[in-house]
Structures are given as C-alpha cells and as structure tokens.
Amino acid sequence: MNILITGGAGFIGSHVVRRFVTQYPNYNIINLDKLTYAGNLENIKDIDQSSNYSFVKGDITDLEQMRSVIKEHSISRIIHLAAESHVDRSITDPLIFVRTNLIGTSNLLQACKEAWKNDWSGKLFYHVSTDEVYGSLELDKRMFTESTAYDPRSPYSASKAGSDHMVRAFYHTYHMPVVISNCSNNYGPNHFPEKLIPLFINNIINKKSLPVYGSGENVRDWLFVEDHARAIDDIFHKGRHGETYNIGGHNEWSNIDLIKTLCNVMDKKLNRVEGESEKLITYVTDRAGHDMRYAIDASKLQDELGWTPSLQFEEGISKTIDWYLSNQDWLDNVTSGEYQKYYNNQYGE
Ligand code: NAD
Ligand code: DAU
C-alpha cells in the first residue's frame, strides 16, 4: 500500500508519519510537504532513514505536480493534513488560506480522481479537519457533534470548511471513498511556537511576557497529539466511507486557567519561586472574531471504533513541557529560522 501523507513535516503530520512508518512496515509512506515556515524535517529525522519512508518536497496548490506525484508513486490512499493552520495568520493574510486549504485540497481530489479513474477499490481520501468549522459555542454545556451545522467565523475555519465540503462533494458526485475527521486543539512535542501552549512555554523559559487575548475566558478542548495520531490510524483503517468523525479530549480549559497551570508547573520544573511566571501574564487586545468556546462530542468515534484519549491533561502537559525543556535546540532553531536549512543540507539543494 502506497500512502501519501501531506503536511508530514508539520506538527500533527510528523506524529502521524512516525506512527505509520513505525507501526506498519509493510506500508510505503510518502510524505509530501512544501516546507513552509511550519514544516520542519527535523520533526521526523528519527525515522527519515526507514526503508518504507520517502520525502517529496511538493506544493498542493500545484495541480500538475500532484498529478505526477500520485502517478509516479502509485498512490492508493491519502491522509491529507497539509494546510495553513494558524488563525492569527489567516486574519492577516486570508488568501493564502484559500489557496492552500481550499484550492490545494481540491487539486488533490482532482488529481486522485484522474489517477484512480473511477476504480475506487482499495482507494481512500482521508481529509484531516478541525472543530473550528462548527463555529463558536457559548459558555454552557453544549458540544459539537457530527451533525452540528457548519458556521465558520475566521478565514482559517472558512477555508477548512470549504475544503470539507469539496471532499464530501467528491464522495456524493463521483463516489470517491472519503473520510473526514474534525479534531479539537492539539498540544504536544514539535508544536510550532506561534500557537498558545508552545509560545507560552518558550516565553516562560525566556521570561518574556505572556499575551492573553481579551479576557482569557475563551475555552478550548485540548488533546495530546499522539492521541490524535492514534485516532487517525483507527479512522484510516476502520472508518466508514462518506462519514465524519469528531475527535476531542473531553478536556475543556479556559485560556487563563490553562495559562496559570502552565506557569505553576513550569515554576516547579525550572526551580523558580512559586508565582514568578504568572507575573509575565499581560492582557492584550482580543483576536478579531475570537471564537468563545470549542467542545467536541467524540462519542461516535468511541462507540463505533473504540477510541478514547489515553492521556490525562496533567500528564500530557508535563510530558510536553519536559520535551521543550530537553529540546532547547529545536526551539532555538525554530525561533531563529535555522531549521529551514535542514532540507538543503539533507538533499543538497
Ligand atoms: P502545521 O501548520 O504545523 O503544519 C502544516 C504542514 O503543512 C507544514 O509542514 C507545512 O509545510 C505544510 N504545508 C503548508 N502548505 C502546504 C502546501 N501548499 N503544500 C504542501 N504542504 C504544505 O499544522 P498542524 O497543526 O500540524 O495541522 C495539521 C492539520 O490538522 C491541518 O489540516 C489542520 O487544519 C488540522 N488540525 C489542526 C489542529 C491543531 O490543533 N493544530 C486541530 C485540528 C485539526
Ligand atoms: O480547534 C482546533 C484548532 O486549534 C486548529 O484547527 C488550529 O489549527 C489550531 O491553531 C488551534 O486554533 P486556536 O486558535 O484555538 O489555537 P491558538 O493556539 O492560536 O489559540 C488558542 C487560544 O489561545 C485561543 O483562544 C486564542 C488564545 N491565544 C492564542 C495566542 C497565540 C492567546 O490568548 N494568546 C496568544 O498569544
């Protein structure tokens, strides 16, 4: 089985690539990534010499290139994670999100349709999406289910919603075997330090201010990234075609509570006086259109495929902080931009 994983040099993609390369030696994993600022081959350097792994530097917005990669590598299944993924960047530059997330996904669908020539046997297009397509919840008990109406409110979530619709359109119109999962906020090793948890870990290490948007009351549902990769594995192998599966941690935190917990845990790990890091908290202007709350009802995934999150948040956040503390080089390379030389050194470009 030749599986194309897109975005495998990014945060979640690198954990999915590692899982598939190590757990399934009989699968050939082809990792296609453009290596934007968010792509970093160091994230997967522990497995890049594996005989069932290869890397292609490619851009999903280039239809011709997608046609030739799918043909050349006889791709029969795709796990599609490549995307622009940061909400704040989508507010500054919405069009790159339309190009990558909507047009890029549409290109991949079209390239697969052409290569697979309506012979759907053994084929799969697995699209990795986000809970943000469902919009924003109030601060109450309601949760997103798979039948919650789409109501995206940022350029990022609108572009992801558009890509989900295109995937479903290829299922209904051409009968392409597809599956979609919509996951809540991930955290863990290799998370790019522009997102809340890794940014704040890095700032606490360096005693820099911690910019809390608005009142800090916004709520997110956090899931350890390896649990997401395991859910993707389950859905890839056992998910029903044409279906959507929500993935979440049953782990809601207001931003300010999460940040204070992070500060306390890091004070202990860094042998700092209790309360020292909390002094770095600075309330700043709110994100435009800031969604108040996300919460995922993952009971379909649990009931149908038996998946549940494995890590408690306290354990997951401690593991995550430890990873950043013992991978200071990774953080330094990423924050300095040095990591972008890795591909050139490896492949001689
Ligand atoms: P990320 O930004 O860390 O990684 C994205 C990867 O895609 C990078 O390696 C980048 O180089 C690559 N990429 C970007 N544009 C490309 C292009 N045109 N062609 C080829 N590759 C390109 O993102 P992430 O946080 O790992 O998210 C991965 C996927 O999971 C995304 O589709 C995202 O929407 C979804 N998701 C993320 C979260 C989360 O909490 N991070 C939660 C739910 C769903
Ligand atoms: O819900 C899934 C989504 O989670 C994914 O689809 C996205 O790709 C991913 O980036 C994430 O989106 P969020 O916007 O929720 O994540 P972020 O880490 O950017 O922000 C988390 C919360 O913290 C959010 O309420 C905004 C707030 N925040 C964020 C940053 C970067 C701050 O208060 N200060 C900050 O500096």
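Q: Which polar side-chain atom lies 2.7 Å from an oxygen atom of ligand 1?
A: That's a polar side-chain atom of Y156. The pair is a polar contact, meaning N or O atoms within 3.5 Å. Bear in mind this is a predicted model, where local features need pLDDT of at least 70, side-chain atom pairs count only at pLDDT 80 or more, and totals for chains, interfaces and linings use all residues. Residues are numbered from 1 along each chain as its sequence is written, and side-chain values use heavy atoms, with hydrogens and water left out.

Q: And what do the backbone atoms of F11 and I60 do?
A: A backbone N or O of F11 sits 3.1 Å from a ligand 1 oxygen, and one of I60 is 3.0 Å from a ligand 1 nitrogen.

Q: How much of ligand 1 does the protein bury?
A: 96% of the 840 Å² that ligand 1 exposes when taken alone (accessible areas by Shrake-Rupley, 1.4 Å probe).

Q: Which residues come nearest to ligand 1?
A: I12, D33, S85, Y156 and K160, out of 29 around ligand 1 (a heavy atom within 4 Å).

Q: Switching topic: how do helix 10 and helix 11 cross?
A: At roughly 75 degrees, with the axes of helix 10 (residues 313-326) and helix 11 (residues 328-336) coming within 4 Å. Helices here are DSSP runs of H or I, at least four residues; axes are lines fitted to C-alpha atoms over the stretch in contact, with angles running from 0 to 180 degrees between N-to-C directions. The two helices are therefore roughly perpendicular (65 to 115 degrees).

Terms used: Chains are lettered from A and ligands numbered from 1 in the order in which they are written. Angles under 35 degrees count as roughly parallel, over 145 as roughly antiparallel, 65 to 115 as roughly perpendicular and the rest as oblique. A polar contact is a pair of N or O atoms within 3.5 Å; within protein, one must be able to donate a hydrogen and the other to accept it, and residues adjacent in sequence count only if both atoms are side-chain atoms.
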